Amino acid sequence: MRKKWSREAFEKKFGSVEWSQNKNTPEAKEYERMSSQYSTYMEIQNGIPVLRFSCFDPWKDWMGAAFSTRLGGVSEGYLSSMNFGWKQGDDLENVKENYRLFAGAIGVSADDYVFSDQVHDTKVVSVTKEHTAGPELHRKLQGIDGLITADENVVLATSYADCVPLFIVDPKHRIVAASHSGWRGTVGQIGRKTIEMMVQKYGSDPKDMACVIGPSICQQCYEVSEDVVSALSCVYAEDQMRQIAEPGKYQLDLWAACYETLKEAGVPPKSIQVSGVCTCCHKDLLFSHRATAGKRGNLNGFIWKKCS
């Protein structure tokens, strides 16, 4: 039976419902100082915890963005309970019901989701109403890790369980985007490629954009092999690599890497929010591949334009 959460019950179990960098100190990394003005906060809608980003609050009248936790759904066992993973061993009807429940919590129709079968690549597409899932929640796209839309009531739905969600908004042209940036996508610069497509297709200017680097694994939890760091060092300059991986160590900071990518693409640093929420540190609240050796469900990010 699905558990409906209240704020009181949530705070009793998990404590604080708001995260911010709060590191405006000389020794803090640049993204920590620049993100100190923002917070990631939680709302409870229809008994379902929903994470929100204050960076996007100024545009609530025309767009929405949300991130799931593992709470409030119908899946069971290690997938308990808000699992959005189609291929994690769950009953597909459970997954569909979770999508429908979350749609109700954030005020959209599940028919309007656009799914992609993410493959840790850097392909980005612009989508319209024709790509939406419909009543049967069909996944119409394959091999796509980045989605952009200018259409109203087209809800970009991307999946995560430690990889980095990148949410991008152009408030001037009213364009929204979401990209899935694991270490391979980060090496492949999917954040930059998403922004470039927004510029080419819609005339967006990166200086007008606001971005969120969403809940994902933090540097302390993310030990990688030498070849991963070597691949990143082929893409980022030496001074950037000092932010991304400590010399002689293989603790990777994907938040710093994605921040550098967005900044190099032309987004003002003050317009980039790093959520500060680690999926691995909060494995009781969020799904984490690293924390569970792959025995987990999927989280989802959602971003959309509202009907005017």
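I looked up the buried residues of H3 in this predicted model. I found Val95, Lys96, Asn98, Tyr99, Leu101, Phe102, Ala103, Ala105 and Ile106. What covers them? I noted strands S2 (40-45), S3 (48-53) and S4 (63-68) among the covering elements. The cover also includes S5 (113-114), S10 (155-160) and S15 (299-305).

Next I checked the span of H3. The helix runs over residues 92-106, which is 15 residues. From first C-alpha to last it reaches 21 Å, close to the 21 Å expected.

Then I went to the ends. Asp91 caps the N-terminal end of H3. Its side-chain oxygen lies 2.7 Å from the backbone nitrogen of Glu93. After H3 comes Gly107, with a positive phi near 80 degrees.

I turned to salt bridges. How many does the structure hold? I read 12.

I looked at Glu196 and Arg192. Their closest N and O atoms are 2.9 Å apart, in a salt bridge. Both residues sit in helix H5 (residues 190-202), 4 residues apart, about one turn of the helix. An α-helix has 3.6 residues a turn, so residues three or four places apart point the same way. Glu196 is partly exposed at 33%, and Arg192 is partly exposed at 28%.

Lys207 and Asp205 came next. Their salt bridge has its closest N and O atoms 3.1 Å apart. Is Lys207 buried or exposed? Lys207 is exposed, because its relative accessible area is 58% and exposed means over 50%. Asp205 is partly exposed at 25%.

Last, I found Glu30, Glu260 and Lys263 linked in a network of salt bridges.

Note on methods:
Residues numbered from 1 in each chain as written. Predicted model: local features only at pLDDT ≥ 70, side-chain atom pairs only at ≥ 80, totals over all residues. Heavy atoms only, no water. Helix = DSSP H or I, 4+ residues; strand = E, 2+ residues; numbered from the N terminus. Expected span 1.5 Å × (residues − 1). Buried < 20%, exposed > 50% of the residue type's maximum accessible area, 1.4 Å probe, protein only. Contact = heavy atoms within 4.5 Å. Polar contact = N/O pair within 3.5 Å; in protein donor to acceptor, adjacent residues only side chain to side chain. Salt bridge = Lys/Arg side-chain N within 4 Å of Asp/Glu carboxyl O.
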